[in-house]
Amino acid sequence: MKKIKLFTDSSVNPQEKVGFGAYLLLKENNISFEDMKKDIKTKRFEDTSSTKLELQTLLWSLEEINDKDVIIEIYTDCQNIIGLQDRRERLEKNNFHSSAGKLMNNHDLYKEFFEKLDELNLTFIKVKGHKKNSLKDEIDTIFNLIEKICLFRINKQYLLHPKFLFHCSCLID
């Protein structure tokens, strides 16, 4: 079965509840770094949080993939997404309610995530974000590109508002 790689990341302004998600879908292994930059897609999300935005970005990116006969390797630094499969049984058993009986935040996104999990061949790979350059391999370098674009987009959005400016170690060319 053919494999494709999907890199997703997001960056949110928690005060404004606005964020940007980005993803890169690699169907070929031998694509230049410059071509990768051109293929990255970004989207602005409103009324969001960091957890919600990571899920929104992943689900948005999966909408682009209609081929059920491929293995999709998803590269993310989001621990919530990585651990969601292990929490599935308990979440569904409790109908997405907390032990106090309250409906969980993002329950609709969790349900959609599990639907995609059943529908597509997904494999999740945890990427450690913010690694030193000397420790990065090819996957880390690609993921770092996605990460920087998210930071760039959120910083650019609030550039005129210094109180909202987030740290960004470098801007994209």
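Which residue in E5 is the bridge partner of Tyr-75? The bridge partner of Tyr-75 in E5 is Ile-125, in a predicted model where local features need pLDDT of at least 70, side-chain atom pairs count only at pLDDT 80 or more, and totals for chains, interfaces and linings use all residues. Residues are numbered from 1 along each chain as its sequence is written, and side-chain values use heavy atoms, with hydrogens and water left out. Helices (H or I, at least four residues) and strands (E, at least two) are DSSP runs, numbered from the N terminus.

**The sheet**

- Five strands in the order E3-E2-E1-E4-E5 make up an open sheet with mixed pairing, where two strands pair if DSSP finds at least two bridges between them.
- Strand E3 (41-46) and strand E5 (121-126) are at the edges with a single partner strand each, so one side of each has no neighbour in the sheet.
- On average, neighbouring strands of this sheet are turned by 25° against each other, direction ignored; axes are lines fitted to C-alpha atoms, for helices over the stretch in contact, and angles run from 0 to 180 degrees between N-to-C directions.
- Strand E4 (residues 70-76) runs parallel to E5 and is joined to it by six bridges, and Ile-71 stands opposite Asn-121 in E5.
- Helix H3 (residues 79-93) packs on the sheet and touches E4 and E5, its direction making about 130° with that of E5; contact here means heavy atoms within 4.5 Å.
- E1 and E4 also run parallel and are joined by six bridges, with Ile-74 in E4 as the bridge partner of Leu-6.
- Six of the seven residues of E4 are buried, which leaves this strand mostly covered; buried means under 20% relative accessible area, exposed over 50%, and partly exposed in between (1.4 Å probe, protein chains only).

**Aromatic rings**

- The structure holds six aromatic pairs, counted for rings of Phe, Tyr and Trp (its six-membered ring) whose centres lie within 6.5 Å, with planes under 30 degrees apart called stacked, over 60 edge-to-face and the rest tilted.
- Phe-7 and Tyr-75 form a stacked pair, at 4.7 Å centre to centre and 15° between the planes.
- This pair links distant parts of the chain, since Phe-7 lies in strand E1 (residues 2-13) and Tyr-75 in strand E4, 68 residues apart, and both Phe-7 and Tyr-75 are buried.
- The rings of Phe-113 and Phe-114 have centres 5.5 Å apart and planes at 70°, so this pair is edge-to-face.
- Phe-113 is buried at a relative accessible area of 1%, and Phe-114 also counts as buried, at 1% relative accessibility.
- Phe-96, Phe-113, Phe-114 and Phe-124 are linked by ring pairs into a cluster.

**Nonpolar cores**

- The largest nonpolar core has 31 residues, and Leu-6, Leu-62, Ile-72, Phe-113 and Phe-124 have the most contacts inside it; such a core is a set of buried Ala, Val, Leu, Ile, Met, Phe, Trp, Tyr and Cys residues joined through side-chain atoms within 4.5 Å.
- At least two residues of this core come from each of E1, strand E2 (18-26), helix H2 (50-63), E4, H3, helix H4 (107-119) and E5, and H2 gives the most, with six residues.
- Apart from this core lies another of 13 residues, among them Phe-7, Ala-22, Leu-24 and Leu-26.
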